[in-house]
Amino acid sequence: MTPQTYAFQPGWSILLRDMGLPAARVLRRAGLRADLFTRPPARLNAADYNRIWDAMGEELGGARLPLAIAQALTVEAFDPSLFAAICSPDLDHAARRMSRYKALTCPIRLDVQPGVEGTTLVANWPLEARPSIAFGHTELFFWVSFVRLATRSPVRPLRLTAPHPLPEDGRAEALAYLGQVITPGRDWSITFSALDARRPFLTANPAMWSFFEPELRRRLNELTDRATTHERVRAVLLELLPAGESAMTSAARKLGMSKRTLQRRLSGENTTYQAILANVREQLAHHYLSTSTLSSPEISFLLGYSDPNSFYRAFHTWTGTTPESIRAQAAS
């Protein structure tokens with residue numbers, strides 16, 4: 001199976017220069033070719049992508065990297081998907097665009113979760129592309145910097161969570177910049193108030209969006225065509241489960257193929273629909289339990305179970321414990 005690759009944009013050379021990091025030294029430390037930034041956008045697999053982040057952290061200091069990137073971020077360093085996002089009318093629109101197109105340039109899936117108090121953005125990495133701690137925290141700093149750049153307002157997030165704490169020597173500066181403490185959680189997530197999520201972007205530009213959107217859509221279609229059936233099923237399940245759907249026939253219909261064809265393709269990738277379904281449900285269950293106040297029956301429904309007892313039994317099979325125990329651990 002060919003691993004997915006991501007376009008590493010030349011704008012990174014601008015960002016590195018603004019941070020005072022020689023690009024050649026970073027690339028050498030990462031074990032990548034020295035002309036990576038001087039040719040048309042290079043395509044890197046997830047491991048190579050993470051090696052660049054590790055190299056930047058080693059050069060600059062892991063505790064300093066997230067803040068340094070946030071402070072150095074300028075429009076000149078943006079890739080097309082970021083340009084498309086900053087052309088949006090507000091954060092809600094920008095996040096949805098980024099959720100759709102972010103996979104073109106980095107191994108991150110962005111989940112956008114609107115709610116009464118505001119909008120939460122959750123960054124997820126593929127299992128084979130778990131990021132360095134500095135990479136994960138940088139995603140949180142990026143969104144604060146991005147929103148402030150677009151609104152020209154000192155926006156502060158309502159809440160930030162991360163599965164790993166910031167290094168102690170970087171916490172004071174982080175608090176001063178973010179205006180909020182990063183609390184322990186299962187995911188890297190950031191929540192903006194409803195007011196800030198709808199605060200008008202001064203950079204809104206519908207004409208620029210209409211220029212970028214067709215090319216981004218074309219590239220996304222190419223990426224979808226290259227995706228494995230396993231990956232496509234996971235993406236479909238993230239849409240189906242909150243609507244109470246989990247049947248293979250529903251997923252197959254969404255993917256435009258018969259149930260038998262779907263079974264055959266998954267078998268060719270050495271997996272099954274039920275195995276993918278269980279894995280997605282387990283990951284979502286952990287996410288809901290650690291980042292929301294949803295009750296177990298509510299989570300059961302969002303995972304596509306018609307009976308909460310079925311969720312309890314499945315959760316015990318996955319973890320050997322109860323949903324309440326996991327929630328208590330996340331809160332401690």
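Two strands pair if DSSP finds at least two bridges between them. Strands (E, at least two residues) and helices (H or I, at least four) are DSSP runs, numbered from the N terminus. The model is predicted: local features need pLDDT of at least 70, side-chain atom pairs count only at pLDDT 80 or more, and totals for chains, interfaces and linings use all residues. Residues are numbered from 1 along each chain as its sequence is written, and side-chain values use heavy atoms, with hydrogens and water left out.

Five strands make up an open, mixed sheet, in the order β3-β4-β7-β5-β6. The edges are β3 (109-114) and β6 (182-184). Each has a single partner strand, so one side of each lacks a neighbour in the sheet. From one strand to the next, the twist averages 20 degrees. Angles run from 0 to 180 degrees between N-to-C directions, and axes are lines fitted to C-alpha atoms, for helices over the stretch in contact. β3 pairs with β4 (residues 118-124) in the antiparallel sense, over six bridges. Arg 109 has Asn 124 in β4 as its bridge partner.

Helix α7 (residues 133-151) packs on this sheet. It touches β3, β4, β5 (159-162), β6 and β7 (188-193). Contact means heavy atoms within 4.5 Å. The direction of α7 makes about 15 degrees with that of β7.

Helices α12 (residues 248-255) and α13 (residues 259-268) also pack, at an angle of about 90 degrees, with axes 9 Å apart. α12 is therefore roughly perpendicular to α13 (65 to 115 degrees). Met 248, Thr 249, Ala 251, Ala 252 and Leu 255 in α12 meet Lys 259, Leu 262 and Gln 263 in α13.

Conventions: Angles under 35 degrees count as roughly parallel, over 145 as roughly antiparallel, 65 to 115 as roughly perpendicular and the rest as oblique.
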